[in-house]
Each structure stands twice: as structure tokens, then as C-alpha cells.
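Colleague: I am new to this structure and would like to get to know it piece by piece. Could you take me through a few spots?

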Amino acid sequence: MITVFGSINIDLVSRTARLPRPGETVPGSEYQLIPGGKGANQALAARRAGARVKMIGAVGDDEMAATALAELEAGGVDLSGVQRRGKTTGMAVITVDDHAENTIVLSPGANARLKATDLPSGSIGAGDTLLLQMETPFAETLAAARAAKAAGARVILSIAPFLPIEREAFADIDMILVNETEAADLARHLGLLPGSTGAETVASLAGELKRTVIATLGPDGAVAATGEDTISVPALQVVPVDTTGAGDTFCGVLAALLDEGADLATAMRHAAVAGSLACAKPGAQPSFPLREAIELSLGNDPAFP
């Protein structure tokens, strides 16, 4: 069982030929309202990969809440842990250019009111997985991690969006997920010199924090360091349309495979393929692949043994 403690948003998405410079207005497409939020994204990605998933989050008392929860509900995510808090549901205003790059402005709304006590006592136990991100109050996230770790669960933290985190905050975290930029930022914050490659940086972080650290590397796949071993996996080669949510897809699918008992290398291969497939379609949640599509791509690509 995977429990996701995290954010639920609406993504307001507009496409444009290029991202605007400061103070500049550029023409955009018709906007779309798409369910999002890193917590919700990771929950849906894990569910589509075949895991049983419960979402712990908060939405507002507004008309956006139903839209924000629509994909999770349709996908079979357990929403009994989702609370109504305050007037507004979280919203991300996203601009995507012709190169599939994006800018994001996030208004937290109800996410700012999520509490660790919203994780029901006894709802997570030994052998379960708690998946965390950085779009809800960090003190509450750490409290949820402590409760899950005390119950014997695996605790995975995606440091996205990046915030500087002190060493002691990782006490109840088993696995840290970052992208290449976040890995370098975390290394600098901890007084380490980022490596010339993502592999060097995650190895340095894993040695310093005594935790498994995994970095996604975009079209170069992903790399993990456990303190003893380094594991690298390739990405699936696709024509990118929209990279929004690709990292969340990786996190959710990785958690799903680990939760069902796969080894780290197998979980990473599935996650890397899923993240690549998510880049090939517009939007975040609508682009997340089902397990069958992930397995088919793994079987058809010679880069994956």
C-alpha cells in the first residue's frame, strides 16, 4: 500500500511559442484546467502503475476542487483522506513553450493547511510506503515521516520544488528523489561540491546523508547511489511535447514498483520509461501511462535489457 501525503492542485496551462522575459507579454493558446499538484500527480502515477494508493491532502471549498480530484477518483485512488480546508484549491499557473520547457507559479491554497494529523493513526504500517514532496508545510511533512517510520514503513521524499533542508531533517527518510539541478543545489547547501556529472553528485550526497539518493537526468535517464552501489538507467527516446509532471511520474512509478517488491534497478527502469512517456503528451495527469504501456515500451526498446 502506498500513502501519498502531499499537494492537490489545478494546473492552469497555456502554450506559447517561447517563454516570456520579465515584463513581457506573449500570445498564448486557449488555456486548459488540468488536475495536478505533485502529491496528486505521484499518487495517480503510482496507481496507474498498479499500486494500491491512498491520498492524504486538502482541497478548498470552491468549484475547482472537483476538477482537481477528477483524475484521482476516476483512476481508483482512495480519497477518503482528502480534507476540505479554506476557500481555495491550490493552483499552478503553467506556461509551456514550443521546446516543451515550462515555467510554473504556484498558489498553495488548501495545501498550506494540510496537517500530519490528517494521516490517520494506524493507517500505515510495516511494509507500506509513504511518499512525500515539498508543496505542503515541511514541518507537517516531517511529522508524517516520523509517524510512518515509527510504524515500520518505507519513507520516500521527493525534494521538489527545491527547498534547503538540513541534515537532521532526513532522519526518518529512507530514499531521496531529486532532479539534476536539485541534486546540485542540495549538495551546495550541505557544503559539498557538486560533481561534474549527476552520478558523482548523487554518490556524494548518498555518502554524506547515508541514504539512497536518486536523480532524474531528463533525456539521459536516471542514476541512483546507495552508498555501496551506483545504478544508472536510460530514458526512453521520445519527442517531448510537455515535460510537466514527468518527474512526478518517475517518483510515483518508482514507489509502486518498490512497494510490490521489485529491486531498485527494476523499479528505476520502469520509472524512467514512464517519465519519458509522460513527456510525449500534453498536460500532467492526462499524460501518465498505464502499467501496460510501460511494460510494452520496456519490451520493445533494445536499450532496456
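Modeller: Gladly, and please keep in mind that this is a predicted model.

Colleague: What is the orientation of α4 and α5 to each other?

Modeller: Two packed helices are described by the angle between their axes and the distance between the axes. For α4 (residues 180-189) and α5 (residues 198-209), the axes are 10 Å apart and the angle is about 45°. Angles under 35 degrees would count as roughly parallel, and 65 to 115 as roughly perpendicular. The two helices, α4 and α5, are therefore oblique.

Colleague: And which residues make that contact, and of what class are they?

Modeller: From α4 come E180, A183, A184, L186 and A187, while α5 brings G198, T201, L205 and L209. Sorted by class, the contact of α4 with α5 has one charged, two polar and six nonpolar residues.

Colleague: Which residue caps the N-terminal end of α4?

Modeller: Look at the backbone nitrogen of T181. A side-chain oxygen lies 3.1 Å from that nitrogen, and the residue it belongs to is N179.

Colleague: Now to the strand. Is I176 buried or exposed?

Modeller: I176 sits in strand β10. Leaving out residues up to four places away in sequence, I176 touches L157, I159, F170, L209, R211, T212, V213 and I214. Its relative accessibility is 0%, and because buried means under 20%, I176 counts as buried.

Colleague: How many Å apart in space are I176 and A110?

Modeller: In sequence, I176 and A110 are 66 residues apart. Going from C-alpha to C-alpha, the distance between I176 and A110 is 25 Å.

Colleague: One last stop: what is the relative accessible area of S297?

Modeller: You will find S297 in helix α8 (residues 291-300). Apart from neighbours within four places in sequence, S297 is in contact with L236, V273 and L277. S297 is buried, and its relative accessible area is 15%.

Terms used. Residues numbered from 1 in each chain as written. Predicted model: local features only at pLDDT ≥ 70, side-chain atom pairs only at ≥ 80, totals over all residues. Heavy atoms only, no water. Axes fitted to C-alpha atoms, helices over the stretch in contact; angles between N-to-C directions. Helix = DSSP H or I, 4+ residues; strand = E, 2+ residues; numbered from the N terminus. Parallel < 35°, antiparallel > 145°, perpendicular 65-115°, else oblique. Contact = heavy atoms within 4.5 Å. Nonpolar A, V, L, I, M, F, W, Y, C, P; charged D, E, K, R; others polar. Buried < 20%, exposed > 50% of the residue type's maximum accessible area, 1.4 Å probe, protein only. Polar contact = N/O pair within 3.5 Å; in protein donor to acceptor, adjacent residues only side chain to side chain.
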